[in-house]
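Hi,

Here is the structure I promised to pass on. Have a look at it first, and my notes follow below.

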Amino acid sequence: MNKEEKHRAKFEEILQSDCPDLESLRKRTWFGCPSHQRPIVWQMLSGYLPPNVSRRSETLNRKRGEYWRFVAQYFKTRHDANFSSLYHQIHIDIPRTNPAIALFQHMKVQEAFERILYICL
């Protein structure tokens with residue numbers, strides 16, 4: 001087994017646990033994260049998802065619901081006088097984000113970024 005395969009195997013070993021050790025995962029990530037495992041690793045390390053497998057689905061559903069409640073509550077204020085300059089800056093900056101990458105030029109992606117940034121800022 002070469003170095004890369006060993007690295008990947010260690011990630012698999014950590015992630016297959018019912019409750020992965022975040023410190024071990026964090027240390028392992030310093031040496032790179034296999035691309036197919038990157039989404040779940042970063043969601044756990046950022047605190048977005050709990051490491052405990054049995055709680056992930058419920059947590060994800062709750063957080064998605066919170067997001068859409070925030071959108072319903074706050075995104076409509078983007079044109080209010082108090083917030084229009086913030087929204088305007090987000091709106092003009094989004095198309096300039098990685099212009100060479102086609103994904104960032106899709107209108108749906110830009111709209112999603114606008115919502116996310118507006119709600120989080």
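Which residues make up the largest nonpolar core? The members are Phe11, Ile14, Leu15, Leu25, Cys33, Val41, Met44, Leu45, Leu49 and Leu60, 10 residues in all. Helix 1 and helix 3 each supply at least two residues of this core. Apart from it lies another core, of 7 residues, including Val71, Phe75, Tyr87 and Tyr118. By nonpolar core I mean a set of buried Ala, Val, Leu, Ile, Met, Phe, Trp, Tyr and Cys residues joined through side-chain atoms within 4.5 Å. Buried stands for under 20% relative accessible area, exposed for over 50%, and partly exposed for what is in between (1.4 Å probe, protein chains only).

Before you go further, a word on the source: this is a predicted model, where local features need pLDDT of at least 70 and side-chain atom pairs count only at pLDDT 80 or more, while totals for chains, interfaces and linings use all residues. Residues are numbered from 1 along each chain as its sequence is written, and side-chain values use heavy atoms, with hydrogens and water left out.

Now the overall picture. The chain has 6 helices and 0 strands; both are DSSP runs numbered from the N terminus (helices are H or I, at least four residues; strands are E, at least two). The C-alpha atoms fill a box of roughly 60 × 35 × 20 Å along the principal axes. The radius of gyration is 19 Å, whereas a compact globule of 121 residues would be near 14 Å (taken over C-alpha atoms; the globule rule is 2.2 Å times the number of residues to the power 0.38). Of the 121 residues, 25% count as buried.

Asparagine 2 caps its N-terminal end, with a side-chain oxygen 3.0 Å from the backbone nitrogen of glutamate 4. In helix 1, His7, Phe11, Ile14 and Leu15 are buried. Seen down the axis, the buried residues of helix 1 fall within an arc of 95°, so they line one face of the helix (the arc is that of the directions from the helix axis to the C-beta atoms). They pack against helix 2 (22–29) and helix 3 (38–45).

Helix 3 buries Val41, Met44 and Leu45. These cover an arc of only 95° around the axis, which puts them on the same side of helix 3. Its buried residues pack against helix 1, helix 2 and helix 4. Leaving aside neighbours within four places in sequence, leucine 45 is in contact (heavy atoms within 4.5 Å) with Leu22, Leu25, Arg26 and Thr29. Just after helix 3, glycine 47 takes a positive phi of about 85°.

Further along, threonine 77 lies in the loop between helix 4 (53–74) and helix 5 (84–93). Is threonine 77 buried or exposed? At 17% relative accessibility, threonine 77 counts as buried. Its side chain makes a polar contact with the side chain of tyrosine 118 at 2.8 Å. A polar contact is a pair of N or O atoms within 3.5 Å; within protein, one must be able to donate a hydrogen and the other to accept it, and residues adjacent in sequence count only if both atoms are side-chain atoms.

Lastly, phenylalanine 113 lies in helix 6 (residues 107–120). At 32% relative accessibility, phenylalanine 113 counts as partly exposed. Leaving aside neighbours within four places in sequence, phenylalanine 113 is in contact with Ile94 and Phe104.

Cheers
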